[in-house]
Amino acid sequence: MDFLTKYGYAPDQEAMGRALEMIASNLDKVASEQVYKDCFSMMDLTTLKTDDTPASVAKLVGKVNSFRQDYPQWPLPASVCVYPNFASVVDKERACDFNITVVSACFPSSQSFLEVKLKECELAVEQGADEVDIVLALNAFLAGDYETAAEEIRQVRSCIDAVAQRQGRKVHLKVILETGLLRTPEKIAAASFLAMEAGADFIKTSTGKVDVNATPAAAYVMCECIAKYQALTGKKIGAYYGCLLLRPGKIMAFDDPENPKLLEDFIRAIGAEPVVYPYRNECCGGYISLQEKAASQNLCEKILESAASFEADCLV
């Protein structure tokens, strides 16, 4: 897949240099307490140490729990980020409104079997993770096997969505590109488009675990790619399967009757963002719409309200 051609994007090194120089020269003019507060509210308060323990993680969560009392004029950080085995600790100790982020899928190298990565993600969401951060499979991407790298993201997306759906909630997926190992703006751009197409809610520069991590140039390229992607897609579409496509499962043989994904794959293929919502497999009452109009309407309203609560722009 030639992502740069598809999205009409070609990194312009000279323009990038001028833009970054202008940004750097104007930092003092845009810096303010409100800007700092906005930045703080988007931060993940992170502990990813080899010697992390349940007690040390609980102590960190305690600091967040008391933050509003200590600093009432400041917002909370967006989340507390931990290794996946500590998701349940954060969930147990959490006493205020912040998300639980976990690094997963064999962070930071992403070097393992896909089945191992998926199980780790599944367990993390089961134990309370609101966001799962994974690293792009560079073993495939750097070898030019973009499809394998993308399929891994799709598999993780499907896995965490299935668990979240059973819990009646939505979980976000962040893909870390490790831009310091991609080296060129073209590869950073290709990785950005690939990750977004495959289902990432967020993309991030780096793990902080390699020699070259986040740089202004890498962030600039990624921001341009996000703008291009949003301009060409920008729609969040919910797939509605209902009962006719899926049941009886053995007879219809259309897709997995409990966790279908064929329509989501199609939505993604046409450049939109699929939305997985709890009522996508529920009956709309079509068979009783003539005799029990109110009951059918009530079922339809529940489906539409469910999709709307997960920010779907429309259903197919």
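These are my notebook entries on a predicted model.

**Basis.** I worked with a predicted model in which local features need pLDDT of at least 70, side-chain atom pairs count only at pLDDT 80 or more, and totals for chains, interfaces and linings use all residues. I numbered residues from 1 along each chain as its sequence is written, and side-chain values use heavy atoms, with hydrogens and water left out.

**Helix 10.** I took helices (H or I, at least four residues) and strands (E, at least two) as DSSP runs, numbered from the N terminus. I checked the length of helix 10, which covers residues 146–167. The expected span of a helix is 1.5 Å times one less than its number of residues. For the 22 residues of helix 10 this should be 32 Å, and the end C-alpha atoms are 32 Å apart, which agrees. Just after helix 10, I noted that Gly-168 has a positive phi of about 70°.

**Salt bridges.** I counted a salt bridge where a side-chain nitrogen of Lys or Arg is within 4 Å of a carboxyl oxygen of Asp or Glu. Side chains of opposite charge can pair when their charged atoms come close. The count by this rule is 17 salt bridges. For burial I used relative accessible area: buried is under 20%, exposed is over 50%, and partly exposed is in between (1.4 Å probe, protein chains only).

- Lys-37 and Glu-33 form a salt bridge at 3.1 Å, N to O. Both residues lie in helix 4 (residues 33–41), four residues apart, about one turn of the helix. Lys-37 is buried at 12% relative accessible area, whereas Glu-33 is partly exposed at 48%.
- Asp-161 and Arg-157 form a salt bridge at 3.0 Å, N to O. Because they are four residues apart in helix 10, about one helical turn separates Asp-161 and Arg-157. Asp-161 and Arg-157 are both buried.
- Asp-44 and Lys-174 form a salt bridge at 3.0 Å, N to O. Asp-44 lies in strand 1 and Lys-174 in strand 5 (residues 172–176), so the pair ties together parts that are 130 residues apart in sequence. Asp-44 is partly exposed at 23% relative accessibility, and Lys-174 is buried at 9%.

I then found that Asp-44 and Lys-174 belong to a network of salt bridges that also links Glu-131 and Asp-133.

**Thr-47.** I located Thr-47 in the loop between strand 1 (44–46) and helix 5 (54–65). Is Thr-47 buried or exposed? Thr-47 is buried, because its relative accessible area is 10%. The side chains of Thr-47 and Asp-52 are joined by a polar contact of 2.7 Å. I took a polar contact as a pair of N or O atoms within 3.5 Å; within protein, one must be able to donate a hydrogen and the other to accept it, and residues adjacent in sequence count only if both atoms are side-chain atoms. Contact in general means heavy atoms within 4.5 Å. Not counting residues up to four places away in sequence, Thr-47 touches Asp-52, Val-57, Leu-60, Cys-81, Val-82 and Tyr-83.

**Val-30.** I placed Val-30 in helix 3 (residues 27–30). Val-30 is exposed, with a relative accessible area of 52%.

**Leu-299.** I found Leu-299 in helix 16 (residues 293–309). Leu-299 is partly exposed at 29% relative accessible area. Leu-299 touches Cys-283, Cys-284 and Gly-285, again leaving out residues up to four places away in sequence. From Leu-299 to Asp-211 I noted 88 residues in sequence and 55 Å in space, C-alpha to C-alpha.
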